[in-house]
Amino acid sequence: MQGGQHPRMEVMCHVENCRFYKNDYCHADKIEVNPKHRDMAHNSDDALCSTFIPQ
Ligand code: SF4
């Protein structure tokens, strides 16, 4: 990526009680994903969507 451009992608999500969830997709403008522990994830359980807000 050059010039400060960010990728655009669809995010399929199945967290039905999130405020941004609709019809199996995320409708947030952007999401942030962080490792559960320090700076490393060892499997998908260690990578968490920090944008999640319960509704
Ligand atoms: S914010 Fe995270 S948990 Fe919520 S719908 Fe989007 S991807 Fe799923």
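Start with burial. Buried residues make up 2% of the 55 residues in the protein chain. Here, buried stands for 20 or more other C-beta atoms within 10 Å of a residue's own, exposed for 12 or fewer, and partly exposed for anything in between, with C-beta atoms placed from the backbone.

Two notes on the model. It is predicted, so local features need pLDDT of at least 70 and side-chain atom pairs count only at pLDDT 80 or more, while totals for chains, interfaces and linings use all residues. Residue numbers run from 1 along each chain as its sequence is written.

Now the overall fold. How many helices and strands are there in the protein chain? Zero helices and four strands. Along the sequence that reads β-β-β-β. The radius of gyration of the protein chain is 13 Å, well over the 10 Å that the globule rule gives for 55 residues, so the chain is more spread out than a compact globule. That radius is taken over C-alpha atoms, and the rule is 2.2 Å times the number of residues to the power 0.38. The C-alpha atoms fill a box of roughly 30 × 30 × 15 Å along the principal axes. Helices (H or I, at least four residues) and strands (E, at least two) are DSSP runs, numbered from the N terminus.

Next, contacts. Take those in the protein chain with a separation of 6 or more: residues 24 or more positions apart account for 23% of them. A contact needs two C-beta atoms, placed from the backbone, within 7 Å.

What does the record say? UniProt, in an unreviewed entry, lists residues 11–52 as "domain: DUF1540". Its positions are given in the numbering used here, feature names are shortened, and annotations may be inferred rather than shown by experiment. Over residues 11–52 the chain is 24% strand and 0% helix. The end C-alpha atoms of that stretch are 13 Å apart.

On to the ligand. Which residues surround the ligand? They are Val11, Cys13, Val15, Cys18, Phe20, Tyr21, Cys26, Ala28, Ile31, Cys49, Thr51 and Phe52. To be listed, a residue needs its C-beta atom, placed from the backbone, within 6 Å of the molecule. This shell has eleven nonpolar residues, one polar and no charged. Nonpolar covers Ala, Val, Leu, Ile, Met, Phe, Trp, Tyr, Cys and Pro; charged covers Asp, Glu, Lys and Arg; polar covers the others, Gly among them.

Look at Phe52, from that shell. Phenylalanine 52 sits in the segment after S4. It has 17 C-beta neighbours inside 10 Å, so it counts as partly exposed. Leaving out residues up to four places away in sequence, phenylalanine 52 touches Val15 and Cys18. Its C-alpha atom is 7.3 Å from that of arginine 19, 33 residues away along the chain.

Now methionine 12, in the segment before S1. Is methionine 12 buried or exposed? Exposed, with 8 other C-beta atoms within 10 Å. Beyond four places in sequence, methionine 12 touches Asp24 and Tyr25. From methionine 12 to tyrosine 25 is 13 residues in sequence, but 4.4 Å in space, C-alpha to C-alpha.

Last, backbone angles. Aspartate 24 is not a glycine, yet its phi is positive, about 70°. Aspartate 24 lies in the loop between strand S1 (21–22) and strand S2 (25–26). Arginine 38 is not a glycine either, and its phi is positive at about 50°. Arginine 38 is in the loop between strand S3 (33–35) and strand S4 (47–49).
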